[in-house]
Amino acid sequence: FCADMERMPADDVLGQSALLWRMVYRVVHATVERFPSVIVLRHEDLSRDPQTGYARAFESLGLAYTAKIQETIRTSSSSENPAELSRQKVHSVKLDSRANLDNWKKRLTADEISRIRKMTEDVSHLFYPDW
């Protein structure tokens, strides 16, 4: 990754982001291989079905998935929440989690998406086999 970092232009935010993603998820994958008990939760899976995803996570960690926690997750991810956060509420934690899944498709061009996929393909298949 050092050579990739050195070649990356300082003003290439998209390239830097893709490279950082590759680096982080390569380490995550290596960690899971070395320590199989490590649990990896994909944002997309939690966003599609927050209650089930968090229930499984809590169970696997031996934690109580209480009614209060369930309610917090429900209100934080409800379809009644906005699909995107406004610039005035960037620290809000209430968002329509399912609707949020596709926000990146509105922000990136087809060429940018293609570039990101190409830059991350050596690692992305480990977490997104159907990509």
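User: Is Leu 63 buried, partly exposed or exposed?
Analyst: This is a predicted model. Leu 63 sits in the loop between α4 (50–60) and α5. The relative accessible area of Leu 63 is 47%. Buried means under 20% and exposed over 50%, so the class in between applies. Leu 63 is therefore partly exposed.

User: Which residues form a nonpolar patch on the surface with Leu 63?
Analyst: The patch has about 370 Å² of accessible area together. Leu 63 belongs to it, and the other members are Ile 39, Leu 41 and Leu 61.

User: Is Thr 52 buried, partly exposed or exposed?
Analyst: Thr 52 lies in helix α4. Its relative accessible area is 29%. The buried class needs a value under 20%, and the exposed class one over 50%. Thr 52 is therefore partly exposed.

User: What separates the C-alpha atoms of Thr 52 and Ala 10?
Analyst: Along the chain, Thr 52 and Ala 10 are 42 residues apart.

User: Is Ser 77 buried or exposed?
Analyst: Ser 77 is part of helix α5 (residues 67–77). Its relative accessibility is 16%. The cut-off for buried is under 20%. Ser 77 therefore counts as buried.

User: Which backbone oxygen does the side chain of Ser 77 reach?
Analyst: The distance is 2.6 Å. A polar contact needs N or O atoms within 3.5 Å.

User: Leaving aside neighbours within four places in sequence, which residues is Ser 77 in contact with?
Analyst: Contact needs heavy atoms within 4.5 Å. Beyond those sequence neighbours, Ser 77 is in contact with Pro 50, Leu 95, Asp 96 and Ser 97.

Conventions: Residues numbered from 1 in each chain as written. Predicted model: local features only at pLDDT ≥ 70, side-chain atom pairs only at ≥ 80, totals over all residues. Heavy atoms only, no water. Helix = DSSP H or I, 4+ residues; strand = E, 2+ residues; numbered from the N terminus. Buried < 20%, exposed > 50% of the residue type's maximum accessible area, 1.4 Å probe, protein only. Polar contact = N/O pair within 3.5 Å; in protein donor to acceptor, adjacent residues only side chain to side chain. Patch = residues over 30% accessible without salt bridge, like charges linked within 9 Å, V, L, I, M, F, W, Y side chains within 5 Å. Areas by Shrake-Rupley, 256 points an atom, 1.4 Å probe, with all protein chains shown as cover. Salt bridge = Lys/Arg side-chain N within 4 Å of Asp/Glu carboxyl O.
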